[in-house]
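Notebook open. I want to look at the ligand site first, then at one residue elsewhere in the list.

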Amino acid sequence: MTDSTVHPDLSGRRVVVPGGTGAVGEGVVRAYLAAGADVVVPTRTQERADEFLRVLGDAADDRLHLVVHDYTTFPGAAQLADEMQRRLGGVDDVVAPIGGWWAGKPLWEIDESDWQSAFTGLASTHMAVLRAFLPKLSSRGSYTLIVGASAFTPVPGSGLVSMEQAALLMLRRVAEAELDGPQRIHALVLGPVGTRLAEAAEPDWVSAGQVGAVAVAASAATEVPSREFRLGDRAEAEETLALLRTGQPVSPGTVVAVSTMEPKDGRHEDLVALLAELAPRIRAEPGCLEYAVHRGHGETGGPLLVIQKFTSIEAFRQHSTTVANQVPRIGALLAKPLVPPALLEPVPQVR
Ligand SMILES: NC(=O)c1ccc[n+]([C@@H]2O[C@H](COP(=O)([O-])OP(=O)(O)OC[C@H]3O[C@@H](n4cnc5c(N)ncnc54)[C@H](OP(=O)(O)O)[C@@H]3O)[C@@H](O)[C@H]2O)c1
């Protein structure tokens, strides 16, 4: 997906993108500019502003408003929101790709300065921006948080990122529960992203441009209520985009995944033990409704039937990504290679 992507027309929409100068933010800013919106990118330093102008090149037209302003504190974000109200007459949408990656230490080695910068600092910035802008959004507006899938999956050595991103998802859910207007609050939950700063992006990674295109489509789709969109990879981003643009519901309903596992001779109990070990983690995954393992009635060996139920196909796909590293362990115990499960959905007439 490139800047030649056809976006819905957002002419006249006033969009604020704090964190827009960053790697993911660039895709967001380019997409809203290409859609015809007025785009405000606050940045904390003049150096970042100058660098970002160079990065955007010709895409930086007169609808881009780069504002050097410290938006990371409660008063700073509130001043920015007031200033935008005065200058633009209001704000329609906010997209917040604020903050990046942090890595280095297990939790017990984290010192207070790590905690302040990678958790408190970023969470405070998100909170400052949300509280300043959410009450000011126009009735057609939306607020979109950008987070990573590390919100669900602990990454050893990067625990502060997982904790902060998980807190942001709860921030979104609380705001959704508390909102009493027509505005929407979304989150885009990203897998690894191909950006200008990614040295070796894989072909199936979602691109910064795709993230921007989904954010634009979510802003435009005023009929789609507040929700989390998973953009784990390029295909999932394309699917979300297509569904947002056609107005079809993004979550068509529950999905049941059924698979048969035939253990090698003498390995039945080992396979049962491994599936039992994985059970608590799988059941704790977002969207998992059921994870059950069966064997022939009255038997103590033989094939196992695994039945899993998820709230949506997106949740099931996320589950497949999460357990991918366990497939070799399971495969080593099987007489035949593991095949993808059969996916079933409820028949609407029989409820
Ligand atoms: N890059 C990826 O592969 C990837 C993958 C999954 C999820 N994500 C998520 O996408 C979001 C943006 O990530 P990114 O890779 O674009 O990050 P980035 O390149 O570091 O950009 C983040 C932007 O956030 C702003 N910011 C405000 N307060 C900050 C603070 N205390 N520390 C650092 N930056 C601060 C900065 O803007 P100014 O300096 O101009 O103010 C900066 O340009 C994050 O939530 C991240 O978890 C990224």
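I'm working on a predicted model, where local features need pLDDT of at least 70 and side-chain atom pairs count only at pLDDT 80 or more, while totals for chains, interfaces and linings use all residues. Numbering runs from 1 along each chain as its sequence is written, and side-chain values use heavy atoms, with hydrogens and water left out.

I checked T21 and found a side-chain N or O atom 2.5 Å from a ligand oxygen. For A23 I get 2.9 Å between a backbone N or O atom and an oxygen of the ligand. The protein covers 80% of the 880 Å² of accessible area that the ligand has on its own (Shrake-Rupley, 1.4 Å probe).

I looked up the shell next: 22 residues surround the ligand, and T21, V24, T43, R48 and Y71 are the closest (near means a heavy atom within 4 Å). β5 gives the most, three residues (strands are DSSP E runs of at least two, helices H or I runs of at least four, numbered from the N terminus).

**S219**

I then went to S219, which sits in helix α6, residues 208–220. Is S219 buried or exposed? It's buried, at 0% relative accessible area (buried is under 20%, exposed over 50%, partly exposed in between; 1.4 Å probe, protein chains only). Its side chain makes a polar contact with the side chain of Y32, at 2.6 Å.

Terms used
Polar contact = N/O pair within 3.5 Å; in protein donor to acceptor, adjacent residues only side chain to side chain.
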